[in-house]
Amino acid sequence: MRISDIQRCEVRPGQLVEWSFSPATVAAATVLPTDPRPPAYIQESHIRTARSVREGGLFVPTWLGTAFDLPGQVDLDVLEQALHGWTLRHETLRSGFRWVGDEMHRFTLDEDNVTLHREVVGDFADVDVLVRHLQDRFDNAADALGWPNLIYTAVVREDSTSVYLAFDHTNVDAYSLQRIPHEVQELYTARAAGRLPTATPVSSYVDFCEQERVNANAIDDTHAIVTRWREFIGRCGGRLPEFAVDLGLQPGGVLPVQKLMREPLVDAAAAAAFETYCRPYGGSLVGVLAATSLIVQEIGGQPVYRTVVPFHTRLKSAWSDSVGWYVGGAPIEVPAARDFDAALASVRAQLQANRSLARIPLARVLRLLGEDFRPTSPDLYSIISYVDARLTPGSVCWTEQRAYGLLRVSYGDQVCAWVNRLHEGLWIACRYPDTDVACKNVSLYVEKLRELIVSVAVPEPRSE
């Protein structure tokens with residue numbers, strides 16, 4: 001799925017309709033007893049960071065979303081049934097948190113208490129006005145510090161309807177967003193045909209949060225994983241790694257506004273050739289990281305490239321269809337290499353040695369380290385993510401559906417880049433500080449990444 005902001009996801013005029021949890025559902029949530037299942041460490045860290053930044057005087061929206069089209073004239077009653085049924089499948093969407101002192105306590109609604117309220121907002125002929133309205137609405141309705149923290153909308157036209165769903169990050173990851181267009185369209189199509197949808201039960205992310213936390217709490221500061229993180233952070237100068245190029249930021253300065261670069265990287269043929277070249281070392285993920293290590297070392301001059309690689313934590317098939325935030329991180333360190341093959345070998349060795357570290361939430365590790373990582377930015381570190389999305393159900397229809405994964409770009413001092421393998425090739429989206437220096441260096445990084453991928457797509461014969 002192409003990643004974009006709301007400004008560049010092909011929004012078109014139409015009548016705006018929105019769904020949110022009904023007043024009765026919100027009222028029922030206020031009197032719920034505590035759900036003993038705790039938040040995941042990543043959820044708690046995200047919400048505490050949002051609170052810390054807000055207390056510092058800055059509102060930093062961080063919602064994620066998805067956008068896709070349904071063809072033809074849409075029956076809003078049927079679409080509402082589809083959205084309601086999809087919501088009930090995923091327990092995290094009807095679960096939230098309240099503060100008791102400085103502790104977060106979970107509450108979770110029963111399915112019977114969840115109803116949607118529909119409102120026709122009005123007709124929008126001006127796309128810019130519509131986009132501003134959607135962004136402002138999502139900022140308020142999908143706020144990390146509020147509940148409910150999701151909203152569903154549709155822009156209705158005679159020939160098609162565009163669906164836009166926004167969520168606080170505590171509820172979804174990129175993989176969750178990629179599955180939504182297919183799932184909602186299947187539910188809609190079934191109900192429109194008068195059939196009851198047949199869907200297998202989905203495991204609950206709330207249950208996963210409890211299991212993961214029990215496992216994480218079983219380790220202490222003497223555990224090998226904690227020791228390795230301590231050593232890694234020490235080699236990073238006592239902090240988590242940043243993107244190893246100049247971003248034009250002043251130390252201790254205010255949190256900068258960010259920009260988003262999003263564009264095709266290479267076509268399907270070049271993506272396939274790149275994968276073939278990198279396969280002996282582990283595939284395109286290794287290739288993207290190896291290429292990045294060479295490029296940032298060239299631009300920034302650092303002798304070692306250090307980063308935290310995001311990995312999904314859906315380690316059991318039971319979580320495959322579940323909506324939630326199933327992400328951990330593993331540190332890698334790649335010394336300056338003589339060429340791409342050497343960088344590939346180094347990255348492969350680092351991932352083989354360190355990928356298991358992603359199974360323990362980093363927030364738990366940082367707590368055990370006892371360091372003051374009090375967050376002042378929504379991003380703890382810079383990331384380069386690679387996902388092959390071609391096996392996601394419905395992915396062959398994404399172009400026809402105008403399907404996008406949506407990012408809210410607001411403030412941040414890190415570089416976060418996502419490279420997605422789609423049927424039409426590689427797509428890159430990169431969020432970075434809006435400075436002239438950062439724009440120059442991030443653009444240079446993307447240009448050199450494209451050049452390197454293309455260069456190995458038609459490689460010179462390898463020397464023995």
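This briefing describes the chain as a whole and then its helix H2. The model is predicted: local features need pLDDT of at least 70, side-chain atom pairs count only at pLDDT 80 or more, and totals for chains, interfaces and linings use all residues. Residues are numbered from 1 along each chain as its sequence is written, and side-chain values use heavy atoms, leaving out hydrogens and water.

**The chain as a whole**

- The chain holds 13 helices and 15 strands, where helices (H or I, at least four residues) and strands (E, at least two) are DSSP runs numbered from the N terminus.
- Its radius of gyration is 22 Å, close to the 23 Å that the globule rule gives for 464 residues, so the chain is as compact as a globular protein of that length; the radius is taken over C-alpha atoms, and the rule is 2.2 Å times the number of residues to the power 0.38.
- Buried residues make up 56% of the 464 residues, buried meaning under 20% relative accessible area with a 1.4 Å probe, protein chains only.
- Among contacts (heavy atoms within 4.5 Å) between residues at least 6 apart in sequence, 82% join residues at least 24 apart.

**Helix H2**

- Helix H2 covers residues 41–55 and reaches 21 Å from its first C-alpha to its last, close to the 21 Å expected; the expected span is 1.5 Å times one less than the number of residues.
- Its buried residues include Tyr41, His46, Ile47 and Val53.
- The buried residues of H2 pack against strands S4 (95–100) and S5 (103–108) and helices H6 (205–217) and H11 (362–369).
- Just after H2, Gly57 takes a positive phi of about 100 degrees.

Key. Buried means under 20% relative accessible area, exposed over 50%, partly exposed in between (1.4 Å probe, protein chains only).
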